[in-house]
Amino acid sequence: MSPELRAELTVRLIRGCELVGPCLIWTRATQSGYGTLKYQQIMYSTHRLAHELFIGPLGKNHALHSCDRKTCCNPMHIYAGTHEDNMRDLAIRGLASKGEKNPSSILTEQQVLEIRASNSSINELAEKYGVVRTTIACIRNRITWRHI
Ligand SMILES: [Zn+2]
């Protein structure tokens, strides 16, 4: 990757992120839950890109999240690992970390139910609960918090 490309991608990545608690959440396009950034006809996966830009090359490794947020681009929350590492870590964090038991979750089950029941706009709800619009949209479309 040329220095010019690195610089351009760094700016685009940072511009597309919003700080949500300790996480740097990608607020633009996503695919299968992961952030995507398209530049010069090339599609980058934002968490992989964050690792490549701020930590180092991934090679064949996966970029794994310690915070369980697929759109998070905080380099402190991303580490390189194999598919097996990912499966093991997911199993460890496991089903016990569903919903509000998960420390990275900033909404409570009660708030999620309120959001689903509310007629307010996504913008109003994001403002009210201090989360990004994507979070509200994901709750409404049952992409997240599916268990309640
Ligand atoms: Zn994070």
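**Figure 1. Strands S6 and S7 pair in the antiparallel sense over 4 bridges.** The model shown is predicted. Across the pairing, His62 stands opposite Gly81 in S7. In a regular strand, side chains alternate between the two faces of the sheet. The covered face of S6 holds Ala63 and His65, while His62 and Leu64 make up the uncovered face. The loop between S6 and S7 contains Asp68. Phi of Asp68 is near 65°, a positive value in a residue other than glycine. Asp68 counts as partly exposed because 17 other C-beta atoms lie within 10 Å.

**Figure 2. Ala63 is part of strand S6, residues 62–65.** Is Ala63 buried or exposed? Ala63 counts as buried because it has 22 C-beta neighbours inside 10 Å, and a residue needs 20 or more to be called buried. Leaving out residues up to four places away in sequence, Ala63 touches His47, Arg48, His51, Leu58, Ile78 and Ala80. Ala50 is 13 residues from Ala63 along the chain, and the C-alpha atoms of the two are separated by 9.1 Å.

**Figure 3. Helix H2, residues 46–54, has buried residues.** Thr46, His47, Leu49, Ala50 and His51 of H2 are buried. What covers these residues? The cover includes helix H1 (3–15) and the strands S2 (23–26), S4 (34–39), S5 (42–45), S6 and S7 (78–81). H2 also lies across S4 and S5, and runs at about 80° to S5.

**Figure 4. Helices H1 and H2 cross at roughly 130°.** Their axes come within 11 Å. The angle makes H1 oblique to H2. The crossing of H1 and H2 is left-handed. On the H1 side, the contact is made by Arg6, Leu9, Thr10 and Leu13; on the H2 side, by Thr46, Leu49, Ala50 and Leu53. The residues of this contact divide into 5 nonpolar, 2 polar and 1 charged.

**Figure 5. Strands S3, S4 and S5 form an open antiparallel sheet.** The sheet has 3 strands, in the order S3-S4-S5. Which strands stand at the edges? Strand S3 (30–31) and S5 do. Each has a single partner strand, so one side of each is left without a neighbour in the sheet. S4 and S5 run antiparallel and are joined by 4 bridges. Across this pairing, Leu37 stands opposite Tyr44 in S5. H1 packs on the sheet and touches S4 and S5; the direction of H1 makes about 135° with that of S4.

**Figure 6. Strands S1 and S2 make a hairpin with 2 residues between the strands.** Strand S1 (residues 17–20) runs antiparallel to S2, and 4 bridges join the two. Cys17 stands opposite Trp26 in S2. In the hairpin, Gly21 takes a positive phi near 60°.

**Figure 7. Helices H4 and H6 cross at roughly 80°.** H4 covers residues 109–117 and H6 covers residues 133–140. The axes of the two helices come within 9 Å. The angle makes H4 roughly perpendicular to H6, because angles of 65 to 115 degrees are given that name. H4 contributes Val112, Ile115 and Arg116 to the contact, and H6 contributes Ile136, Ile139 and Arg140. These residues divide into 4 nonpolar, no polar and 2 charged.

**Figure 8. Trp145 is found in the segment after H6.** Phi of Trp145 is near 55°, a positive value in a residue other than glycine. Trp145 is buried because 21 other C-beta atoms lie within 10 Å.

**Figure 9. The protein has 6 helices and 7 strands.** In what order do the elements run from the N terminus on? They run α-β-β-β-β-β-α-β-β-α-α-α-α. Of the 148 residues of the protein, 22% count as buried. Among contacts between residues at least 6 apart in sequence, 49% join residues at least 24 apart.

Conventions:
Residues are numbered from 1 along each chain as its sequence is written. This is a predicted model: local features need pLDDT of at least 70, side-chain atom pairs count only at pLDDT 80 or more; totals for chains, interfaces and linings use all residues. A residue is buried if 20 or more other C-beta atoms lie within 10 Å of its own, exposed if 12 or fewer, and partly exposed in between; C-beta atoms are placed from the backbone. Two residues are in contact if their C-beta atoms, placed from the backbone, lie within 7 Å. Axes are lines fitted to C-alpha atoms, for helices over the stretch in contact, and angles run from 0 to 180 degrees between N-to-C directions. Angles under 35 degrees count as roughly parallel, over 145 as roughly antiparallel, 65 to 115 as roughly perpendicular and the rest as oblique. Ala, Val, Leu, Ile, Met, Phe, Trp, Tyr, Cys and Pro count as nonpolar, Asp, Glu, Lys and Arg as charged, and the others, Gly among them, as polar. Two strands pair if DSSP finds at least two bridges between them. A crossing is left-handed if the near helix is turned anticlockwise from the far one by less than a right angle, and right-handed if clockwise.
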